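Colleague: Please take a close look at a single part of this model and describe how it connects to its surroundings.

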Amino acid sequence: MGNTLPLTSKFRAQTKALPAFSLSDHNRVRRSLDTLMGPEGMLLGFIGDIWRPISINRILTMQKEASKLAARGISVAIVIRGRVNT
């Protein structure tokens with residue numbers, strides 16, 4: 001998938017702590033970093049325009065890998081710019 005880095009201890013060492021935040025999900029339920037974080041961390045993706053082909057590809061790839069990461073205690077979340085459409 002292009003410029004994706006493998007999940008290694010070297011990569012983890014380069015990450016920084018996120019500040020506390022909360023956002024509404026697609027059901028307008030507020031989610032905080034604490035409620036999203038898995039026991040071993042979280043893969044947090046940021047998507048600008050959801051309908052761009054590259055964005056669709058990234059979303060589908062994250063969805064495909066989510067169960068593998070969940071088995072390792074890592075949750076997956078995507079933050080999409082824009083309004084909630086329900």
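Modeller: What follows concerns helix 3 and the strands on either side of the crossover. This is a predicted model, in which local features need pLDDT of at least 70, side-chain atom pairs count only at pLDDT 80 or more, and totals for chains, interfaces and linings use all residues. Residues are numbered from 1 along each chain as its sequence is written, and side-chain values use heavy atoms, with hydrogens and water left out.

Helix 3 covers residues 53–71; helices (H or I, at least four residues) and strands (E, at least two) are DSSP runs, numbered from the N terminus. Strand 3 (residues 41–47) pairs with strand 4 (residues 74–80) in the parallel sense over seven bridges, where pairing requires that DSSP finds at least two bridges between the strands. In this pair, Gly-41 is opposite Ile-74 of strand 4. The chain runs from strand 3 through helix 3 to strand 4 as a right-handed β-α-β crossover: with the strands pointing away from the viewer, the path from the first strand over the helix to the second runs clockwise.

Within helix 3, Glu-65 and Lys-68 are three residues apart, or about one helical turn. Their salt bridge has its closest N and O atoms 3.5 Å apart; the term means a side-chain nitrogen of Lys or Arg within 4 Å of a carboxyl oxygen of Asp or Glu. Glu-65 is partly exposed because its relative accessibility is 27%, between the limits for buried (under 20%) and exposed (over 50%), with a 1.4 Å probe and protein chains only. Ile-56, also in helix 3, is partly exposed at 32%.
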